[in-house]
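Me: I would like to learn how to read a few features of a protein model. Please take them one at a time.

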Amino acid sequence: MLGAIAMAQQDQEQQKEKKGKKSQQTSQQAQPQATAAAQGGAKRGQGAGRHEQHAPTMATSPAATEGANVNANQERGKHKGKRGEHAEGTSPAATENANTNANVQEGGKQKGKRGEHAEGTSPAATENANANANVQEGGKQKGKHAEAAMKTGSPNPAANAATSAGSANAKIKSGTVGKNGKTVDVQKIKSQHTNFRAQAKPQQVKSVTFNQNYRIVNAERWQGPQYEVFRTYQPAWHDAGWYRSNFAQVALIGGGYYYFNSGYWYPAWGYDPAAQYYAYDAPIYVGSAARPPDQVIADVQAELQDMGYYHGEVDGLLGPLTREALTAYQSDHGLYATAVIDQPTLDALGMS
């Protein structure tokens, strides 16, 4: 009996040992398979991260799609450069912002001419840019051209040509500053000729004769209302009664009679055939105050003399030397070279 029990126990122990060995073998076999499975899963995870953009069928549900996108974003975390910027902003506003940032970064070192063009594309900005460029480029040329453009009278093409050529005599400053750089005292000059009276000098300054077909040379080229009286001027012969009935002021000036009309003194041809001494046949502008023409001529002569243009006598006669001085002054100051006393010239001289 005892022997049977011992045999049974021995059999049970042998069976337990067999089962333990089998279990150990099974566990050892399972570990390599698990390791291989884990490695395969990791490789498949990486492959899925790389190829998820090319395999849309791998995720069919919204949840799966979202998960795949999350994994893909994590895998691309190290590549957040240019591709990341394009992927992050797909809306028009984001695209515009990206372009702006790119322009700022790329053009940071080129902020010169390209930057100026990029910053102002509207007509107003272009105009301002052109204006600034002109100011900068022409800053050193603020002399003759700038002064000629500032004058109220129309420019003289010949004067502009002389100015562009840089003539030594064309020192354009202000209307009361001469080519010698001297500033004249206009009020002092005018006060000196308050009681001035011109005298005829036929030996020094010859008198012109009446010619009803006479026209002022080149007057048709002088544009503007301030030159209208010179463009249309034509000498006319009338007796004293006609002049007195048509004009309120008729005066004997320097050997000849003149009549006043709308700011100008005109030769009164025929008023007195015995007193027809005229140094020049043209209207003389004096302004609405109707100052006698010989006083105005004397003022202009004295001022041009101080400014270095006139080298003759202050005689109140519009003779050849006075007309030459007027022509030089007008040319230097961007005025029409009329060789007469007109409104733009008297305004520039400060004598109006």
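Reply: Start with burial: a residue is buried under 20% relative accessible area, exposed over 50% and partly exposed in between, using a 1.4 Å probe and protein chains only. Ser-262 is exposed, at a relative accessible area of 64%. This is a predicted model, in which local features need pLDDT of at least 70, side-chain atom pairs count only at pLDDT 80 or more, and totals for chains, interfaces and linings use all residues. Residues are numbered from 1 along each chain as its sequence is written, and side-chain values use heavy atoms, with hydrogens and water left out.

Me: Where is Ser-262 placed?

Reply: Helices (H or I, at least four residues) and strands (E, at least two) are DSSP runs numbered from the N terminus. Ser-262 lies in the loop between β2 (256-261) and β3 (264-267). Its phi is positive, about 55 degrees, although Ser-262 is not a glycine.

Me: Is Ala-339 buried or exposed?

Reply: Ala-339 is buried, with a relative accessible area of 14%. This residue is not a glycine, yet it has a positive phi of about 65 degrees. Its loop runs between α13 and α14 (343-349).

Me: How do I describe two packed helices?

Reply: By the angle between their axes and the distance between the axes. Axes are lines fitted to C-alpha atoms, for helices over the stretch in contact, and angles run from 0 to 180 degrees between N-to-C directions. Here the axes of α12 (residues 293-306) and α13 (residues 320-332) come within 11 Å and cross at roughly 60 degrees. That makes α12 oblique to α13; under 35 degrees counts as roughly parallel, over 145 as roughly antiparallel, 65 to 115 as roughly perpendicular and the rest as oblique.

Me: Which residues make the contact?

Reply: Contact means heavy atoms within 4.5 Å. From α12 come Val-300, Gln-301 and Leu-304, and from α13 Thr-322, Ala-325, Leu-326 and Tyr-329. Among the buried residues of α13 are Thr-322, Ala-325, Leu-326 and Tyr-329.

Me: What end-to-end span should α13 have?

Reply: The expected span of a helix is 1.5 Å times one less than its number of residues. For the 13 residues of α13 that gives 18 Å, and the end C-alpha atoms are 18 Å apart, which agrees. Gly-334, which follows α13, has a positive phi near 70 degrees.

Me: How many helices and strands does the protein chain have?

Reply: The protein chain has 14 helices and four strands. Of its 352 residues, 34% are buried.
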